[in-house]
Amino acid sequence: MTTFDVEPLTPNIGAEIHNLDLSQALSDSVMNELEHALLDWKVLFFRDQNISIEDQKRVARWFGELEVHPTAVPGAEHAELIRIAEDDQRRAHNDLWHSDVTFRHSPPLGSILCGRVIPPVGGDTLFADMYAAYEGLDEKIKAKIDDAKAVHVWPDAWVNMAMKSQNLDQDEFWRRYPNPAHPVVRKHPQTGRRSLFVNTAFTRHIVGMEKSESDALLAFLYNQATIPEYQCRFRWRKNSVAFWDNRCTQHYAAADFYPQKRVVERITISGDKPV
Ligand code: SIN
């Protein structure tokens, strides 16, 4: 018996959850249902959630430990919160297809993003179903990538920020945070389904492959996230919330809203090592 209503946005990915107030303490049975909905729909959307950062953290904590982004100042109040707003150049930096933080050895399980300041139009977030992206590949490509690994790298600007915020020199930084090689196709730890796990933001080359071949294959694989049949698109309102499973989705924030303002706040849930 479900205690809330689930309205799919597309046949594959994305569902809006109605009649659930995330500011209330929710029972384990409701949270179990929510987890099932997340596993089925990969990204869930909620409207009119007047939630505090503590509420956002409480919901996230049911799913796992909260992640402190390596560029955050350790020990700061709400170090787990990432506030995403345009910078001085009016750039938001999330207008590219990616899964969050895949340059970590154990990338996040998922993220909960809350819309705090939303433009009247624009700034939608698009999500792609990476199970569908894998399943849509032809068998020859699958055979080529099924056992392959790819290196994911830290963006340079974040290396500098992390060294500064954690007071580390280069050697210590790379000792703590070496770039990982993740499987190109990962198996979801809960559903057992396979998904394509490379992204334009952080993946750089396929291990053991000539650069030209790796570049061409990665370009083809990145492009799968851009296929409309694998996607849904979310139009934000103030106090809307999106909760995505980072293990089987990618997302892209449309940077079409300037000079309007857009501020969203993310709490990220730690995940496990992709296999
Ligand atoms: C993100 O990439 O984590 C944020 C996406 C968004 O701003 O919609």
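The model is predicted. The largest nonpolar core has 26 residues, and twelve residues, from I84 to R266, will come up again when we reach the ligand. Keep the structure open and find each part as you read.

**The nonpolar cores**

- Start with the largest nonpolar core, where L20, L44 and F46 have the most contacts inside the core.
- Several strands give two or more residues to this core: β2 (15-18), β3 (43-46), β5 (110-117), β13 (241-245) and β15 (263-269).
- The helices α1 (28-41) and α2 (53-63) also give two or more residues each.
- Helix α1 provides the largest share of this core, with six residues.
- Apart from this core lies another one, made of 23 residues, including L126, I206, Y222 and Y230.
- As background, nonpolar side chains in soluble globular proteins tend to be buried together.

**A three-stranded sheet**

- Next, look for an open sheet of three strands, in the order β8-β7-β11, with antiparallel pairing.
- Its edge strands are β8 (181-183) and β11 (203-206), and each of them pairs on one side only.
- On average, neighbouring strands of this sheet are turned by 40° against each other, ignoring direction.
- Strand β7 (residues 149-152) pairs with β8 over three bridges, in the antiparallel sense.

**Around the ligand**

- The residues surrounding the ligand are I84, N94, H98, D100, L113, T125, W244, H251, A253, R262, V264 and R266.
- For H98, an N or O atom in the side chain is 2.9 Å from an oxygen atom of the ligand.
- T125 has a polar side-chain atom 2.6 Å from a ligand oxygen atom.
- Likewise, a polar side-chain atom of R266 lies 2.7 Å from an oxygen atom of the ligand.

**A closer look at D55**

- You will find D55 in helix α2.
- Is D55 buried or exposed? D55 counts as buried because its relative accessibility is 14%, and the cut-off for buried is under 20%.
- The side chains of D55 and R58 are joined by a polar contact of 2.9 Å.
- Leaving out neighbours within four places in sequence, D55 is in contact with L22, S23 and N50.

Note on methods:
Residues numbered from 1 in each chain as written. Predicted model: local features only at pLDDT ≥ 70, side-chain atom pairs only at ≥ 80, totals over all residues. Heavy atoms only, no water. Pairing = 2+ DSSP bridges. Helix = DSSP H or I, 4+ residues; strand = E, 2+ residues; numbered from the N terminus. Axes fitted to C-alpha atoms, helices over the stretch in contact; angles between N-to-C directions. Core = buried A, V, L, I, M, F, W, Y, C linked by side-chain atoms within 4.5 Å. Buried < 20%, exposed > 50% of the residue type's maximum accessible area, 1.4 Å probe, protein only. Near = heavy atom within 4 Å. Polar contact = N/O pair within 3.5 Å; in protein donor to acceptor, adjacent residues only side chain to side chain. Contact = heavy atoms within 4.5 Å.
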